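Work through the exercises below with the model at hand. Each task is followed by its solution.

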Amino acid sequence: MSTLVTKKEDNGHPADSKDVAKLIEKNGIQVVDFKFNDLPGLWQHFSIPTDDLDKEGGIWEEGIGFDGSSIRGFQKIHESDMILMPDPTSAFIDPVAQHPTVSIICDVYDPLTKKPYSRDPRYIARKAAQYLKTSKIADVSYWGPEAEFFLFNDVRFDQTENSGYYYIDSNEGEWNTGREENPNLGYKPRYKEGYFPVPPHDTLQDIRSEIMMTLRKVGVPVEVHHHEVATAGQCEIDIRYSPLVRMCDNLLLYKYIIKNTAKKYNMSATFMPKPIFKDNGSGMHVHQSLWKDGKNLFFDKKGYALLSDLAKYYIGGLLKHAHAILAFAAPTTNSYKRLVPGYEAPVNLVYSQRNRSAAVRIPMYSASEKSKRIEFRPPDPSCNPYLALSAMLMAGLDGIKHKIDPGQPIDKNIYALPEAEAKKIKTVPRSLEQALAALDQDRDFLLAGGVFTEDVIDTWIEYKHEVEIDAIRLRPHPYEFHLYYDV
């Protein structure tokens, strides 16, 4: 029922169900865990004994049922039955489970029509990858997101009818230089000075190395890890580029391993974009390129920043549709507390080589054709990657199809421009509400080829308004008591 990849993957993933059976037998696997993605972007799962995987007329052919009405963004209660079809090419030995376990990522199907479920985020990414091929523009897109995150030592939060607060803490937090720690050694990165210090300032070297080795063990190649700019345990671990669907799978696995490794060390990992006031937030800068017949279509040795005209049209699409893209790529109310000037946040809808205040940056580390790519910087790691990366690809392809001119690059400090010149530069939305309004009005580029559907977009907008925007709007903010209690 599902379309399966039969070619052996370079990174050692199984090619088919027979390979999975060999993996199970070779490693004494006792449990098979099925993972799938809800609409907002969190992995869900359940497990079965290994013996039940290959029963006659079994799971590979018939799938396995679950209650879709209990999953965020999926079915209503009167149409709750759904089935999962496991993708054997995604199988890996789960490094988190205590008992020997193979995890398999699944696609969601409708049990009546036997067709893929329109709101399954992984299906949307599959359609985006296929749409690229049928467009004849390119045959593959490569993606390299840089997802930042924080590792905290303590986190507490609550919201009741008569109280509301959050409290986070980190042994690295600059605010703890005066704390009695018996002894306090004082090596705590200052605000905005956490980029690249060696230990003892960087206390998280070993945990990041363990995460890196665990990711490599399950077939997710890691290129680099380091401390990030913010105080209080901000980190980045970059994984090597992959095609669209594989990268989205890898990002969910990335989060899974980071969160569980942090728990092992009695720490808490968060991909929330802006957990700390007055310091840098966590972004997810997304490197991307298009290839055809083994050739990088973004490279031109005579072009600006070695970019081809096709790449510039792709950028034009990203900039034109940026507000709608961010409804998926910066999808929380908290996202827009990060997207403000002054915190390395890419709020300006322009492109530039090297300039990190631009929404689109062209990295200039290498003049190699293979390394030429563009970097879209406004997204953050709270997003569902299947939706966010697909939206970026669709915007870029729309730019190519319509030859959208991105204008002239801006290679100077945008924050230092004269006021009259700065006012001419368009910026990202100031709130999730604005981004959703843009998505509602600017959705045709997403509907091309049936990649996104009206139902998915409408459900996304409705969910975000009801569950997030209204929930925040209706609750008093703690700082409002400081501002208004004595009025």
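**Exercise 1.** Find the ring that Lys-35 lies over.

Solution. A charge sits over a ring if NZ of Lys or CZ of Arg is within 6 Å of the ring centre and within 35 degrees of the ring normal. Lys-35 lies over the face of Trp-43, 5.7 Å from the ring centre. Lys-255 is placed over the face of Phe-271, at 5.2 Å from the ring centre.

The model is predicted: local features need pLDDT of at least 70, side-chain atom pairs pLDDT 80 or more, while totals for chains, interfaces and linings use all residues. Residues are numbered from 1 along each chain as its sequence is written, and side-chain values use heavy atoms, without hydrogens and water.

**Exercise 2.** Classify the aromatic pair of Tyr-254 and Phe-271.

Solution. Rings of Phe, Tyr and Trp (its six-membered ring) pair if their centres lie within 6.5 Å; planes under 30 degrees apart are stacked, over 60 edge-to-face, the rest tilted. By this rule there are 16 aromatic pairs. For Tyr-254 and Phe-271 the centres are 6.2 Å apart and the planes are at 55°, a tilted pair. Tyr-254 is in helix α5 and Phe-271 in the loop between β13 (268-270) and β14 (284-292), so the pair ties together parts 17 residues apart in sequence. Helices (H or I, at least four residues) and strands (E, at least two) are DSSP runs, numbered from the N terminus.

**Exercise 3.** Is Tyr-254 buried or exposed?

Solution. Buried means under 20% relative accessible area, exposed over 50%, partly exposed in between (1.4 Å probe, protein chains only). Tyr-254 has 1%, so Tyr-254 is buried.
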